[in-house]
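Biologist: I am new to this structure. Could you take me through it?

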Amino acid sequence: MRLFQIMALSSAAISLGRAGIPVADTIVCLEGWGIARAGVLPLAKRQAASILSTAGIRIDWCEASSTGCPAQQGAIVIRVRFEGRTPEEYRTGALAEAFPYMPAGGAIKILYDRVASIAPRSHDKQAIILGHILAHEVTHVLQMSDGHSETGVMKAHWNADDYMAMLWKPLEFESGQAARIQQGLAARLGAAAR
Ligand SMILES: [Zn+2]
């Protein structure tokens, strides 16, 4: 049931462009995703797309080739790199990091070994947490900001209650976040068009 709801939300966020081809504002290009456990990534992608759709953002996914991530006219391409061996002393407690001030699409690093360690025995939980992390970091990049909110998707550090809550219902954006995402996206798309 839960999966069906996520899928329904996700597909509703996609609109059709000319020739019936889906169009998205934001392409999220995944690098090194092969280290994710089987079944985790598809659910995480649906979860992230569903959360971002509540802020009016349509995302599409692609996988990086040997030459990197493709440029796409009319869309922001955000690179997401999966890392599997994070040194213990590296940014203690961090699960991911975004570089929102980079030109073009900005970039994100997922410290996947740490994400997996939160829910090592449940691929579903891992996927839901990863989906929230993707939505959080993509938001940083689209807003071109490292700002956080007190609660919800953009909280700086989720606690045990937050992890429990997101298993039942996706965390939400605080009011004002969606407008900031849209402003940042418009600025990035404007810069890309120049
Ligand atoms: Zn953050």
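Biologist: How many bridges join strand 3 to strand 5?

Modeller: This is a predicted model, in which local features need pLDDT of at least 70, side-chain atom pairs count only at pLDDT 80 or more, and totals for chains, interfaces and linings use all residues. Residues are numbered from 1 along each chain as its sequence is written. Strands are DSSP runs of E, at least two residues long, and helices are runs of H or I, at least four, numbered from the N terminus. Strand 3 and strand 5 run parallel, and the bridges joining them number 6.

Biologist: Which residue in strand 5 is the bridge partner of Ile-27?

Modeller: Strand 3 spans residues 26–31, and strand 5 spans residues 76–83. The bridge partner of Ile-27 in strand 5 is Val-77.

Biologist: What is the order of the strands in the open sheet?

Modeller: Two strands pair if DSSP finds at least two bridges between them. Strand 4 (59–63) and strand 6 (96–99) each pair on one side only, as the edge strands. The sheet has 5 strands with mixed pairing, in the order 4-3-5-7-6.

Biologist: At what angle does helix 4 run to strand 6?

Modeller: Axes are lines fitted to C-alpha atoms, for helices over the stretch in contact, and angles run from 0 to 180 degrees between N-to-C directions. Helix 4 lies across strand 3, strand 5, strand 6 and strand 7. Its angle to strand 6 is about 20°.

Biologist: How many residues of helix 4 are buried?

Modeller: A residue is buried if 20 or more other C-beta atoms lie within 10 Å of its own, exposed if 12 or fewer, and partly exposed in between, with C-beta atoms placed from the backbone. Helix 4 is mostly covered, and of its 21 residues the buried ones number 18.

Biologist: Are helix 4 and helix 5 roughly parallel or roughly perpendicular to each other?

Modeller: The axes of helix 4 (residues 123–143) and helix 5 (residues 160–168) come within 10 Å and cross at roughly 105°. Angles under 35 degrees count as roughly parallel, over 145 as roughly antiparallel, 65 to 115 as roughly perpendicular and the rest as oblique. The two helices are therefore roughly perpendicular.

Terms used. Two residues are in contact if their C-beta atoms, placed from the backbone, lie within 7 Å.
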